[in-house]
Amino acid sequence: MDQQKVIETKDLTKRYRNFAAVDKLNLCIGEGEVFGFLGPNGAGKTTTILMLLGLTEPTSGTARVYGHDPAREPLKVKRIVGYLPEKVGFYEDLTASENLEYTASLNGIPWSEVPNKIEEALRSVGLHDVGRKRVGEFSHGMKQRLGIADVMIKDPKVAFLDEPTSGIDPEGTEHILALIKGMARNKVTVVLSSHQLHQVQKVCTQVGIMTKGRLVAQGPVDRLGREALRGGKYRIEVQVSRVAPALVDALKRVPGVIDVESSGDLLLIGCNEDLRPKIARTIVDSDCLLVQMKIEEYGLEEIYMKYFRES
Amino acid sequence: MSGFMAIFRKELADHFSSKRFIILFLLVYLAGVATIYVAAQTIRSGITETTQFIFLRLFIVSGENLPFSFPLFLSLFIPIVGIALGFDAINSERNSGNLSRLLSQPLFRDSVINAKFLAGLVTLAILIISIVALVSGMGLRMIGVPPNAEEILRLFAFIFVSIVYGAFWMSLAVLFSVFFNRTANSALASIALWIFLFLFLATIARVMADSMVPVDQSSTLEILTRNDGIYRAISRISPSTLYGEAVQVLLMPELGTPSSTLMMISIFAAGMIPGPLPLSQSLLIVWPQMTGLIALTALCFAVSYLRFMREEIRST
């Protein structure tokens, strides 16, 4: 890889009593990437992020963020990373600008630059006209966008966004995804976790799929898709009056059919295009009677479900 | 350090702008002014030609309409203020989702708890200094007798002890705010402990003392003293008792040692009205009480500090 490695973990493990939240995680994320952490709830995505931030200590293994160990040099790491927690909270009695001002002062940003930075950050997330409103009056989506402004105000090199789109309406989600793309254009490495797969796919250059603390797959979305689709993009379910071995053989010979499984009077046929007419003919040509036929197309959801089920 | 100062500034601003503290400040000012007003009206009755510390009497007499002297009322209100300053210090940050965001900023974790504690302490100090200054000024106008140098020094010592007393309740509330996840629980726990120490411990101490050394009307002074000794030893578990004793000695120089009403009556009945103690001797007498209060405060803070530093930020 010719890019600089921004995040690297080696056998990173976190155990809580007898259960491993993160189990020997090996991860490598290059500069300027948008890395999507996918996995069901409780897969260890947040725990991994917390370890990379130095908020939680790993049980074993190492993590490096721009070469710094978050457990030993937390301040160096925290200076260059921004973090949007899953349940982001702000001081409800303060206005949006005041909340950002507090973050700016915690980061030691010179006072003279603060008003401009706040203005700029609020404008980019579309909250500039409500900057003087108390955060208590904000909707969930607005808080989430304010959270992104809160990350942007410190000009991070790496941004960790934990479930940035959960519980947000489609329009708000689009907005947030656009903001993430904007961050990536500004050479910020973005790590985002999500269980909303199709949204992640729109912005991520790389995805890692996690289940039960293990990384089961990592790579660009389309490659993972291809790997998952080895069994064919379509699945045709055929019910016949009786399954004869000769029929299975005949079906396997149909051009385009990848594999045929039989269970009871059902035949499951995997293929890459809609072969229903040919299959119907093959069945009719044999001695069997065709009872019914269904076709299913695999979407991304199914691809990910396949990974989740495998582990 | 920038993180520490930023948190300190914000916490201080929060304290002074929140409705909670505006209400508390008003309440404390109102009650303080009322007690001093009543005291100034009844002060003349108890003064003889030999009374040395007239100005200090303003702080110890109470009227018939309002049977509260100023220190007694302070010992009632300071815990409330202290608890209000500390009970949600950490858990409200955690519940509102601010804590993980705050801790992901480049600052040492202990800055958060240190700055919060210091901001509370400064708020407490401002409240106590201002209320004492206010009632002193008011008393001065009402009775027209200026305090002498020693009285002023004693008032300063009184302010100091009061701040330490408030700091104890605040650090106790901070401790609960670290241990309890819900603010309602930490507030209730602090208030429950306060009510126990303030109201019930004296009763328990009395019952225990009477069962160990029974007294009746024919008891000798020796037995009375032993009974009183046990009573004091038990009730000194309560910081309120420590504060009460310290204030008694500081504001009533005539009193040699901290003693209960019972002892005072017997001393006065025996005709042993002692001469006032010099300030240095009074300070020496309250030294154990003061160190006790400071040690309790430090202990509570240390425990909450350790717990907060070791706390894991979990994903859920």
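1. In this predicted model, strands β5 and β6 (residues 158-162) of chain A run parallel and are joined by four bridges. Within this pairing, A:Leu84 has A:Leu161 of β6(A) as its bridge partner.

2. The two strands belong to an open sheet of six strands with mixed pairing, in the order β5-β6-β7-β3-β8-β9 (chain A). Its edges are formed by β5 (81-84) and β9 (214-219) of chain A, each of which pairs on one side only. On average, and with direction ignored, neighbouring strands of the sheet are turned by 15° against each other.

3. Two helices of chain A deserve attention here. Helix α1 (residues 45-53) of chain A packs on the sheet and touches β3 (34-38), β5, β6, β7 (189-194) and β8 (206-211) of chain A. The direction of this helix makes about 150° with that of β6(A). Helix α5 (residues 140-152) of chain A lies across β5 and β6 of chain A and runs at about 165° to β5(A).

4. Chain B contains 13 helices and zero strands. Of its 316 residues, 38% are buried. Among contacts in chain B between residues at least 6 apart in sequence, 79% join residues at least 24 apart.

5. Where the chains meet, 17 residues of chain B are in contact with 23 residues of chain A. On the chain B side, α1 (2-17) and α6 (98-103) of chain B each supply at least two residues. By class, the side of chain B that touches chain A comprises five nonpolar, nine polar and three charged residues.

Note on methods. Residues are numbered from 1 along each chain as its sequence is written. Chains are lettered from A and ligands numbered from 1 in the order in which they are written. This is a predicted model: local features need pLDDT of at least 70, side-chain atom pairs count only at pLDDT 80 or more; totals for chains, interfaces and linings use all residues. Two residues are in contact if their C-beta atoms, placed from the backbone, lie within 7 Å. Ala, Val, Leu, Ile, Met, Phe, Trp, Tyr, Cys and Pro count as nonpolar, Asp, Glu, Lys and Arg as charged, and the others, Gly among them, as polar. A residue is buried if 20 or more other C-beta atoms lie within 10 Å of its own, exposed if 12 or fewer, and partly exposed in between; C-beta atoms are placed from the backbone. Two strands pair if DSSP finds at least two bridges between them. Axes are lines fitted to C-alpha atoms, for helices over the stretch in contact, and angles run from 0 to 180 degrees between N-to-C directions.
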